[in-house]
Protein chains: 2
Amino acid sequence: MGVDELIFNMAARARAAARQLARLNSNTKNKALLTMADRLLDGAGHIQTENKKDVEAAHKTGLSSAMIDRLTLSDAVMESMAQGLRDVAALPDPVGEVTSMWKRPNGLEVGRVRIPLGVIGFIYESRPNVTVDAAGLCLKSGNAVILRGGSEALNSNLAIAEVVSRALEDAGVPPAAAQVVPITDRKAINTLLALDEDIDLIIPRGGEGLIRFVAENSRIPVLKHYKGVCHLFVDQSADLDMAVDLCINSKVQRPGVCNALETLLVHNAVADDFLPKAAKALEGAEVELRVCPESLKRLPGRKAAAESDWPAEYLDLILAVKVVSGLDEAIDHIAAYSSQHTDAIVTSDYNRARRFLSEVDSSVVLVNASTRFNDGGQLGLGAEIGISTSKLHAFGPMGLTELTTTKFIVFGEGQIRI
Amino acid sequence: MGVDELIFNMAARARAAARQLARLNSNTKNKALLTMADRLLDGAGHIQTENKKDVEAAHKTGLSSAMIDRLTLSDAVMESMAQGLRDVAALPDPVGEVTSMWKRPNGLEVGRVRIPLGVIGFIYESRPNVTVDAAGLCLKSGNAVILRGGSEALNSNLAIAEVVSRALEDAGVPPAAAQVVPITDRKAINTLLALDEDIDLIIPRGGEGLIRFVAENSRIPVLKHYKGVCHLFVDQSADLDMAVDLCINSKVQRPGVCNALETLLVHNAVADDFLPKAAKALEGAEVELRVCPESLKRLPGRKAAAESDWPAEYLDLILAVKVVSGLDEAIDHIAAYSSQHTDAIVTSDYNRARRFLSEVDSSVVLVNASTRFNDGGQLGLGAEIGISTSKLHAFGPMGLTELTTTKFIVFGEGQIRI
């Protein structure tokens, strides 16, 4: 069977499964999630054997140790995948919720009811645990999913898929609800991205290169973010100790992720006090500073920032620092360089807090809190399938609800339009 | 200035205007809408003179009388455009609504607030009144809009744009909030559809050809429907007189629109009673029937339906008729042939009403009501910018709310992530 034919068949099976999934009640879906969790642990031995093949191949091809770490399905990772499924089972089912209902003057009752999107295409890189996470979230939200992971994780993903598919079947759910593409030919992605009749949404997760490739080649809507160039603005009225703590947490707690801080903006009025304090803490945590000329006056000897530092997503222990004349300049800088992902202000001023919240056009805008809170779990969505920085359909972290849409239902008693 | 440069400039001006529009309060926006309404009536003479040029050219190029009718800005149409703007001014402002807010265990308060999408590209055909409708809805929802109408309405659209732009300026709103593309070169559409950094959403309105062209060439998300193949299923428990009335209203009240009925499905158990009754009423209203073999037994002499009749959108006084064995076959037929636009059941059976509402995967699903109610105004959304049959972002009629998205706002007091 050729690549095209293989993908066409998978998409057709997914479409058929989606129609059945949309009608499943929560009990059946939850039972399937719990069965998947049990079977993953029962079948851990086989999955880990297959995973070892991937890890050994990765060593041979010289993948970075960080990449190999992400690829490895340790006992702890196996347990956390299973726990993730149990957590999703415990979340409320978004499908069937009537989000609002009203009566028209002619007596028609009109409501909006939440329904699954249909078929999701999930395209991702190394981590095989994403296979399980995505399958769980799609199942709970009543969607079928086609999973296309990275070539370096193929053996792991296929072993997981086998277990998942048998668990689904045993729980009375069509096994085509979650299918792993068994080949890693890039042509398979192109074929997938053209099937706009069968697939309703594409979610890519991985490096910027993969995401741009998907966005540029897809005929199906794509929910994505390219990168997170996150800012923290220390206002003149900020509690400076709080500001230092937020800086450190935002930058250092996990520097390699999209909601980590990349640029620190400091109000000129507190630059003398704040910058030495902040530099001491940041440099104590091994953060390299790249500073504007005004910052350099307060932090002599540091590396000067270049224009290319302002739009940079370092994903590393590096921080760009800029002194601004006030809130207006801070907001303008963010409008010019932010990736509309996550931006925060530290302030004790009511009006400036309100203006920052209202005028900064990013998916998550925070007052006196770490940028690291832009995360579905942390914000209370229960789980996260990704983060969107485009405004259509979802803006910010996407939970189960963002994997659904609403249709209109109308109850009449013979009304006609006049 | 070349076409590309012209479009780039318009998009950049729109992007800048969008930032200002997002911050306008409702009073300013409503004042601008009312000023636009007044100025349209004050300037009606000039607009109608320019419109005459378009109408005369249309006569020369031999446009159909229906097309010329849509193109003509009569006094009544001018008045209804102005009234449309006043109606939009009276609607609630969606921007700034906090749709939900909750507290996290660590004390963070997290909310979702409604914000404009940014810049909308509106691509449409002949009716120049759409220029005013779209400008009004986009302004109220805080979005900038770039309007690209049909070549046959260019003089009318430019005259309207001049009036609108001066009204906006006088009301303190950036005139680039609503810009009409002054050329009708198709290249301008291609240029527009590539500007995914400056334009957030494309809405095409017009024939299926235009919409497919836009969908296939756009790098920007598109909200659209290709066509409306709408069904009415007369169940065995239907009130047959009500069913006849709903048939007539759905098919005949305005046959040329997307929510008009195209296929009638009839439960075998009532076919003997219902079909002759329905045929009498429909044929009395000059509707041509194209019938399946089972229908033909009850309606001898009628034209036999071909396979091509089931997916057909006639937009005319023609109706496909099929007898089905029951609800399952009706739902399967709809799943196979419906355009997911509008489908209705006539029944007095509680369980079958519920099953139809739940299992039919269309943007509006009705019980005992005319398909003609799939319309933003009729369903109570206040106004309508279009109808979407794709599920991302909006499914069904789109009102002001569908021209917005939500961002997350977070109120903290120094919380860090642990």
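Modeller: Ground rule for elements: helices (H or I, at least four residues) and strands (E, at least two) are DSSP runs, numbered from the N terminus. This is a predicted model: local features need pLDDT of at least 70, side-chain atom pairs count only at pLDDT 80 or more, and totals for chains, interfaces and linings use all residues. Residues are numbered from 1 along each chain as its sequence is written, and chains are lettered from A and ligands numbered from 1 in the order in which they are written.

Colleague: How many residues does helix α2 of chain B have?

Modeller: Helix α2 of chain B has 17, residues 26-42. It reaches 24 Å from first C-alpha to last, close to the expected 24 Å. Expected span is 1.5 Å times one less than the number of residues.

Colleague: Which residues are buried in α2(B)?

Modeller: Among them are Leu33(B), Met36(B) and Leu40(B). Buried takes 20 or more other C-beta atoms within 10 Å of a residue's own, with C-beta atoms placed from the backbone.

Colleague: And what do they pack against?

Modeller: The buried residues of α2(B) pack against α3, α5, α6 and α7 of chain B.

Colleague: Switching to the interface. How many residues of chain A are in contact with chain B?

Modeller: 52 residues of chain A, with 52 of chain B. Contact needs C-beta atoms, placed from the backbone, within 7 Å.

Colleague: Which element of chain A gives the most to that side?

Modeller: β16(A), with 11 residues.

Colleague: In what sense do β13(A) and β16 of chain B pair?

Modeller: Parallel, over five bridges. Pairing takes at least two DSSP bridges between strands. Val364(A) has Phe408(B) as its bridge partner.

How values were computed:
A residue is buried if 20 or more other C-beta atoms lie within 10 Å of its own, exposed if 12 or fewer, and partly exposed in between; C-beta atoms are placed from the backbone. Two residues are in contact if their C-beta atoms, placed from the backbone, lie within 7 Å.
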